[in-house]
Amino acid sequence: MGVSFTVISNEGYKARSTDEEVYNFIVQDMTDAISLLPESYGQSDKGRATKWAALAMRGKAHLWAKQYDKAAADFKEIMEQSDRALLGDYHTLFRVAGNNNSEVIFDVQYVAESGHGIATDRNYGAGRGATSNSQRTRPTPELVNAYEMIDGTPFDFNNYTNANGQTFNPNSVTDWNDEASVRKLYENRDPRLHAGIIVPWSEFVGAGGISYTYKFPVVTTDPTAFVPVWTNGSYAWRKFVETGSVYTLQDNMPLNFPLIRLADVMLMYAEAQNEALAAPDQSVYDAVNDVRDRAGMPDLPSGLNKEQMRERIRHERMVELCGEGQRYSDIRRWRIGKDVVDGVWMTEFTGVNIRQRGFPDHYYLWPIPQAEMDLNPNLTQNPGWN
């Protein structure tokens with residue numbers, strides 16, 4: 001028996017809805033989903049959206065709309081009522097061994113089968129894996145330099161001395177050729193740095209469980225050396241690159257990709273609650289500190305005002321969620337994209353310029369696809385994209 005649908009042609013030619021109408025639609029959609037979806041599934045249905053996934057998405061809609069009280073309430077309910085818990089080992093979150101772990105609220109499920117896997121080994125991988133990697137995305141020096149010292153103080157080249165007690169010039173290739181000084185550079189740092197990023201003179205367990213050392217300058221002829229695709233001064237991702245991988249389908253890794261996980265929710269709760277109050281309360285500290293504690297980092301200092309806490313939360317999201325596709329939306333939500341991207345040079349860690357990035361004001365909104373504009377003359381283009 002077939003099913004017939006009646007299409008009202010006028011429905012396809014509406015003018016654009018207002019921001020408020022779109023926000024209200026999303027909130028209602030998620031509210032309906034929250035009431036209909038279960039809290040969990042059996043093993044055969046792992047990966048399907050749960051009540052907690054819908055609640056997190058509604059919270060994100062509130063956060064974008066600056067409805068901070070409502071956002072905080074949604075995130076708090078997940079933190080207090082769901083069965084989700086931070087995973088003890090940060091690195092495992094981004095390996096096949098971490099698929100369907102206790103922290104994931106919603107993710108994209110993949111299997112090692114052509115057309116049904118994810119291309120993380122190609123896009124994130126850099127070398128010595130079971131597949132030939134392309135390293136299409138690289139951690140920036142700005143990100144690596146943002147990782148704090150293990151005692152919670154900021155890393156600063158101005159306060160760093162090399163192995164001989166002398167100054168270290170990060171824009172000097174010669175300084176980077178000193179192994180002892182470069183090793184010292186990454187000692188006593190936030191453990192998430194080494195869990196997520198391959199830095200010079202660190203180890204990478206590649207295909208067959210063989211350990212390789214990222215020597216710098218890069219040695220391409222040494223079979224024990226880690227060889228990145230970009231050899232002139234590039235960091236490489238450890239996140240989403242399968243350690244000791246036995247999987248050979250470069251574009252079809254069986255690694256699930258998290259869209260929402262509990263640490264993200266906790267930091268969004270801290271952000272929303274901080275913005276809703278005149279000054280951060282203990283629950284804001286607790287949410288951020290729990291994320292830091294898991295990483296092995298000390299608690300935030302007490303007595304932060306609202307603006308100081310805002311910056312600490314933003315920093316925490318940058319290092320905790322790096323490489324997970326959250327940063328671009330964050331800098332747009334905070335309206336700091338132009339400040340942190342526009343006119344900024346992408347560089348090697350040796351200071352060599354690669355290319356200059358741009359972020360004009362109209363990048364805060366995406367363009368309406370021209371094909372949709374052609375179909376519907378009542379649509380109007382976003383400013384700056386004509």
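This is a guided tour of the structure above, stop by stop, with something to select each time.

**Before you click**

You're looking at a predicted model, where local features need pLDDT of at least 70 and side-chain atom pairs count only at pLDDT 80 or more, while totals for chains, interfaces and linings use all residues. Residues are numbered from 1 along each chain as its sequence is written, and side-chain values use heavy atoms, with hydrogens and water left out.

**Stop 1**

Start by selecting residues 282-295, which make up helix α10. Helices here are DSSP runs (H or I, at least four residues), strands are runs of E of at least two, and both are numbered from the N terminus.

Now show the side chains of Arg294 and Glu103, which meet in a salt bridge at 2.7 Å, N to O. That term stands for a side-chain nitrogen of Lys or Arg within 4 Å of a carboxyl oxygen of Asp or Glu. Arg294 sits in helix α10, but Glu103 is in the loop between α3 (68-81) and β1 (104-108), 191 residues apart in the chain. Are these two buried or exposed? Arg294 is buried at 13% relative accessibility, and Glu103 is buried at 0%. (Buried means under 20% relative accessible area, exposed over 50%, and partly exposed in between, with a 1.4 Å probe and protein chains only.)

Next, pick Glu148 and Arg292, another salt bridge, whose closest N and O atoms are 3.0 Å apart. Glu148 belongs to the loop between α5 (141-146) and α6 (173-176) and Arg292 to helix α10, so this pair ties together parts 144 residues apart in sequence. Glu148 is buried at 6%, and Arg292 is buried at 0%.

Then jump to Lys239 and Glu324, joined by a salt bridge of 2.8 Å, N to O. Lys239 is in the loop between β5 and β6 (257-261), and Glu324 is in the loop between α11 (306-320) and α12 (327-333), so parts 85 residues apart in sequence are tied together. Both Lys239 and Glu324 are buried.

Across the whole structure, a search finds 27 salt bridges.

**Stop 2: rings meeting rings**

How many aromatic pairs does a search of the whole structure find? The count is 18. Rings of Phe, Tyr and Trp (its six-membered ring) pair if their centres lie within 6.5 Å; planes under 30 degrees apart count as stacked, over 60 as edge-to-face and the rest as tilted.

Select Phe216 and Phe349: their ring centres are 5.1 Å apart and their planes are at 65 degrees, so they're edge-to-face. Phe216 is in the loop between β4 (211-213) and β5 (236-237), Phe349 is in the loop between β7 (345-347) and β8 (353-356), and 133 residues separate them. Phe216 is buried at 6%, and Phe349 is buried at 4%.

Another edge-to-face pair is Phe359 with Tyr363, with centres 5.6 Å apart and planes at 70 degrees. Phe359 is buried at 2%, whereas Tyr363 is partly exposed at 30%.

Back to Phe216 and Phe349: ring pairs link them into a cluster with Phe155, Phe157, Tyr160, Phe168, Trp176, Tyr186 and Tyr235.

**Stop 3**

Most residues other than glycine have a negative phi, and most peptide bonds are trans. With that in mind, zoom in on Phe216 and Pro217, joined by a cis peptide bond with omega about 0 degrees. Pro217 is in the loop between β4 and β5.

Phe240 isn't a glycine, yet has a positive phi of about 65 degrees. You'll find Phe240 in the loop between β5 and β6, buried at 0%.

Arg335, also not a glycine, has a positive phi near 60 degrees. Look for Arg335 in the loop between α12 and α13 (337-341), where Arg335 is exposed at 52%.

**Stop 4**

Finish by selecting Pro367, in the loop between β8 and α14 (370-375). Pro367 is partly exposed at 36%.
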